[in-house]
Amino acid sequence: MSRRAGRTARKRRKKCENIVQSVSLCHQLTYVRLMKFLHRRGFTSTLLQPALFTDTGRGLQTLKTIKPGQLVISLPESCLLTTSTVLNSYLGQYIKSWKYRLSPLLVLCVFLVCEQHRGDTSDWFPYIDALPANYTCPAYFTDDVMAVLPTSLRRRALEQREAVREIHSSNQDFFRSLQLILSQPVEEVLTYEALRWAWCSVNTRSVFMSHPSNSFLSGQDVYALAPFLDLLNHQPDVEVKARFNDVTRCYEIRSVSGTLRYQQAFINYGSHDNQRLLLEYGFVAPGNPHSVVYVDTDLLCDVLRGDRCLNQKIRFLKENSLLHNLTVSSEGPSWRLMTALRLLSMPQTLYHQWKAVLLGQAVCEEREEWSVQTAKTLCQQLLKDTHTALDKISDLLQQSDQSAREQLHVVRSLRQEESCILGCCLEVLQGMMRQPDELLSSQPDVDTVS
């Protein structure tokens, strides 16, 4: 006879499920070659090793306990791939003699593609070989995956994909000028797919490092690809100090809080919400304290479409820079959203008070209740959209290839996180309402509300 496990057994099983397991990667040929490559350039690591973790995938594992304030990585300048690397390479003469100045991002992308084309004859082959073969950034997303993104993110994701296409299409003349250094037709080497891979490699893996301006490149030059160091994953609550040390000529990561032995070492990419992390880096951080759900203007207009003065109010909010970055979090609606809703609760006859409301003037109790109820309606609509998207993702997962499934898994994680945020926000809003069971779905009557 089977019987239900006791409380202690269930707790033990849950604890085992939550334990993060890891497998060292340092004996794999890819990482053996990478470490030999870096060692020849003056870098050794006694604190960290490449490992595969059950929660994040690839990362760096500590071999010793890292104390607060301790130096974690010190990567020599000779190991960094920068625009100086490219300008001093075989590509340098083509870039310097081109008819107009190219962007630092483009020259790094072209160098990565050309080095990948050279295969194991490339000096940078051990690093190129360790880079991901593809990414889960929106630049890679299919139309089906784009369609299940939140509205506010979908717009930016489409812009990213189009921006990469534009970089490729607008630089065809420069690409053709490189034919002499390629062993295959340039059209087969500097393809859109190859440039997209390089663009995502630079965008997701480079560290910030300011370089002096020069007469050959246009725009800010702040990129540096950092082999081995770029295996460090992001965690929102981790504190580190990262900078290029002009004295030691090394890019250094110093821990603020420390890390226990055999745990994954993390860094912090910045106080980004999950939509920004997915857009820029292609992943989502579970339980991200910076995460919010965005209220799109189109949704706002749809919910309030019965208001005859809506266009005037939307225009007023836009003129006063209060129509963007309207959000809700687990703690409730943001100040910006509630201020916008209070303004939207005002009738046209009180136009002279609109500016005061934007500056924080309180509204009457009935308008405040309407604002809270409208925030609740917006959350309910967003939650409905989230659940619809999650159902669609489940269907797509059954009919997609491996690449699309990886993209869908990331988007599903985002949608699940946002579902939790919206659920928490609805609870907060319910507590804010004076009469929870009363639906205040229409705007206050102009004649009865002062």
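The structure holds 0 disulfides. It is a predicted model of a chain with 18 helices and 13 strands. Of the 450 residues of the chain, 47% count as buried.

**Cysteines**

- Cys109 has Cys200 as the site of its closest cysteine sulfur, and the two sulfurs are 8.8 Å apart, too far for a bond.
- A disulfide here requires sulfur atoms within 2.5 Å.
- Cys109 has a relative accessibility of 2% and therefore counts as buried.
- Cys109 is also one of the α5 residues that take part in the contact with α11.
- For Cys364, the closest cysteine sulfur belongs to Cys309; at 16 Å, this is too far for a bond.
- Cys364 counts as partly exposed because its relative accessibility is 24%.

**Chain as a whole**

- Taken along the principal axes, the box filled by the C-alpha atoms is roughly 80 × 75 × 50 Å.
- Among contacts between residues at least 6 apart in sequence, 71% join residues at least 24 apart.

**Helices α5 and α11**

- Two packed helices are described by the angle between their axes and the distance between the axes.
- Helix α5 covers residues 104-118 and helix α11 covers residues 192-205; they pack at an angle of about 120°, with their axes 9 Å apart.
- The helices α5 and α11 are therefore oblique to each other.
- Their crossing, that of α5 and α11, is right-handed.
- On the α5 side the contact is made by Leu105, Leu108, Cys109, Leu112, Val113 and Gln116, and on the α11 side by Ala194, Leu195, Trp197, Ala198, Trp199, Ser201 and Val202.
- Sorted by class, the contact of α5 with α11 has 11 nonpolar residues, 2 polar residues and no charged residues.

**Helices α14 and α15**

- Helix α14 (residues 310-319) and α15 have axes that come within 10 Å and cross at roughly 145°.
- The crossing of α14 and α15 is right-handed.
- Leu310, Lys313, Phe316 and Leu317 of α14 make the contact with Ala340, Leu343 and Leu344 of α15.
- In the contact of α14 with α15, 6 residues are nonpolar, none is polar and 1 is charged.

**Helices α15 and α17**

- Helix α15 spans residues 335-344 and helix α17 spans residues 365-397; their axes come within 9 Å and cross at roughly 120°.
- That angle makes α15 oblique to α17.
- The crossing of α15 and α17 is right-handed.
- From α15, Leu337, Met338, Leu341, Arg342 and Leu344 meet Glu368, Trp370, Ser371, Val372, Thr374, Ala375 and Leu378 of α17.
- The contact of α15 with α17 has 8 nonpolar, 2 polar and 2 charged residues by class.
- Leu344 of α15 is among the residues that meet α17, and Leu344 is also part of the contact with α14.

**Met338 and Ser371**

- Met338 is found in helix α15, and Ser371 lies in helix α17.
- With a relative accessible area of 4%, Met338 is buried.
- Not counting residues up to four places away in sequence, Met338 touches Pro333, Glu368, Ser371, Val372 and Ala375.
- Met338 and Thr327 are 11 residues apart along the chain, and their C-alpha atoms are separated by 9.4 Å.
- Ser371 has a relative accessible area of 0% and is buried.
- Ser371 touches Met338, Leu341, Arg342 and Ser345, again not counting residues up to four places away in sequence.

**Loop residues with positive phi**

- Most residues other than glycine have a negative phi.
- Tyr262 has a phi near 70°, a positive value in a residue other than glycine.
- The loop that holds Tyr262 lies between β9 (250-255) and β10 (264-267).
- Tyr262 is partly exposed, at a relative accessible area of 43%.
- Ser321 has a phi near 55°, likewise a positive value in a residue other than glycine.
- Ser321 is found in the loop between α14 and β12 (327-329).
- Ser321 has a relative accessibility of 43% and so counts as partly exposed.

Conventions: Residues numbered from 1 in each chain as written. Predicted model: local features only at pLDDT ≥ 70, side-chain atom pairs only at ≥ 80, totals over all residues. Heavy atoms only, no water. Axes fitted to C-alpha atoms, helices over the stretch in contact; angles between N-to-C directions. Helix = DSSP H or I, 4+ residues; strand = E, 2+ residues; numbered from the N terminus. Parallel < 35°, antiparallel > 145°, perpendicular 65-115°, else oblique. Left-handed = near helix turned anticlockwise from the far one by under 90°. Contact = heavy atoms within 4.5 Å. Nonpolar A, V, L, I, M, F, W, Y, C, P; charged D, E, K, R; others polar. Buried < 20%, exposed > 50% of the residue type's maximum accessible area, 1.4 Å probe, protein only.
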